[in-house]
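Subject: Structure handover

Hello,

Here is the structure for your files. My notes follow below it.

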Amino acid sequence: MLLRGLSLWTLFLASCLNTFAFPANEEPSVAFAQKRKSSGSKEPSYAPFYADCPSQNIIESLSNGSIPQAESQYMSTRSSITNTALKDFLKNAQLPNMAADNLSGQNGPSIGIALSGGGFRAMLLDGGAVAAMDARHNNHTVFSGLLQASDYIVGTDGGAWTLGSMAVNNFSAVDDLQNSVWQLAKPVMYPKSAIVFNANFYKSLMNQVKAKQDAGFNVSLSDYWGRVLGRPFGDTTYGFANVSFSSIADQDWYRNGDFPYPIITFATNQDYSNQIDNLNTIMLEASPDVFGTFDAGIDAFIPTEYLGTTLDNGSSANGSCVVNYDNFGFMMALTSTYFNTQMRNFNDSSTKNGRIIQEFLKNNFSEHGEQVAPIPNPFRGVSSARTSLANNLGDDDNLNIVDTSLTGENLPLWPLLQKGRDVDVIFAVDNSADSEYVWPNGNSLVKTYERVLDAEKKGNANVKGFPYVPSTQSFVSLHYNDRPVFFGCNGRNTTAGDRPVTRDTPPLIIYLPNVPWNYYTNISTDRTYYTEDQQNNLVLNGLISSTMDNETYFGQCVACAVVKRTLERQNITASPACEQCYNDYCWSGIYDDTSANDDLVYDPTPRL
């Protein structure tokens, strides 16, 4: 729900906050220096501001099968890096009778990584899987080098926090984030046991959001949640108040294309309903370069730097564009609006400021629509968005952003299914809480499968299609959620039909569900603090679970899956070793939806 104008509570808050005297703030611990306002204020400003637009029209409309220009340039820069890393990965896998040089290069596979949501539980478990794929990790794994060999990495909710905290900190390795960046020992909304510190934290949080409101911008619960979220990811003092998501593009690793192209995801909920039909939502995405969508025939993007600008058919009425609206913490909050409920129900009575904020949020934001974050609609007036297929999104002043987990698609697969990105294989790291005991049950795959079928029915020519997948009931009854499974091993047997395998063939999906190996990892999504021991165990479990306890044979089978579309495109017969892997890990097409399994409970115990 929007908060328009100043209320009596805002004035009361300001008067109360001014009565406190707090110690001077320390300098922020961030990977790069934050800009200061020219006014000389010590605290960097969260408020967006205006600058000249770079051109009269800032919308980039795409044809089917194309990608934004900035993304294309990034991928061109990155191609030599991925090619070298892929060769190294395949050689390390030691596949018999398969030469790495013949399976890489221009005809080689394109790899995508999808990190699921699930709050801080998912962030840590996703981090473990990414660490297993990272050649910089302290110990070699059977996945080592896959991160460097991948073209795309996509996150939502907790997965976006993993990706975002890496990206904003110069794409630091997960080991380094654990040791010196992530601050999760205390609940993120109550970060210290010291009352004076918390009072100062609450003062800063409210003043930062008020600065945005005073600058003439509407604010939502996601602004407050974003101010909270910025702090545990590298700037405990200011929460990246003046660091934009788009500024990541200025870092050396980004300019050099050193790591996969980073994308975070969102969805729309234009009717403001708490009951979301995933087939009527539109999937949105953002990279440091662009914000937009391939969904519903819209196929349009704007520079992320100018998100928040009021546009009409891509143009600003006065030639000015908004800058710094895409604050890093705010973007992390937009991808996790599920937590707006916790923000509204903030409850800390230990300080006067805490009590004031508690009452302020309850009185100024209603429960209805609390998980929605309205932002200015960049597609207003765009013809491709003014269609029934797009739910006439182009007629709306605002985009009502929601967490994709609220649509059931807690794995951000949609960006990796678009033609032009040419993704052949997706590592789907699923740390969702689908079931009663907080384990995944394949629901995200099923929901994406349903979305793809609906998109194909409506004539969306940009989506490649999807592998066939079983029901959530079959996932549990046939144990597809307690071990890795490969879906779509036969490129000619997908929703795209029996066609020759090309770059437009739907990708093979390597499904990596959360399975307890060394620890009970089914921790509530709502939990916002983890002890050091819990953090270490979840990251470790994410690494062990994704690699099957670093099993050499599984590593070879993953390598076989990575090159499967390449083999099919070139009509190369797979080696006997790979054929055995496909037999062991590819979904056979078997379902088990009998009523006897309706009440089947999945509640595993650690394997080690």
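Is Asp 157 buried or exposed? Asp 157 is buried, at a relative accessible area of 2%. Buried here means under 20% relative accessible area, exposed over 50%, partly exposed in between (1.4 Å probe, protein chains only).

This is a predicted model: local features need pLDDT of at least 70, side-chain atom pairs count only at pLDDT 80 or more, and totals for chains, interfaces and linings use all residues. Numbering runs from 1 along each chain as its sequence is written, and side-chain values use heavy atoms, without hydrogens and water.

Asp 157 is not a glycine, yet its phi is positive, about 50°. Asp 157 sits in the loop between β4 (152–155) and α5 (158–168). Val 438 also is no glycine and has a positive phi, about 65°. Its loop runs between β12 (425–430) and α13 (443–457). Val 438 is buried, with a relative accessible area of 17%.

The protein chain has 18 helices and 14 strands. These are DSSP runs numbered from the N terminus (helices H or I, at least four residues; strands E, at least two). Buried residues make up 62% of the 608.

On to the core. The largest nonpolar core holds 178 residues, and Phe 379 and Phe 486 touch the most other members. Such a core is a set of buried Ala, Val, Leu, Ile, Met, Phe, Trp, Tyr and Cys residues joined through side-chain atoms within 4.5 Å. Helix α3 (residues 119–133) gives this core its largest share, nine residues.

Along its principal axes, the C-alpha trace spans about 75 × 55 × 50 Å.

Best wishes
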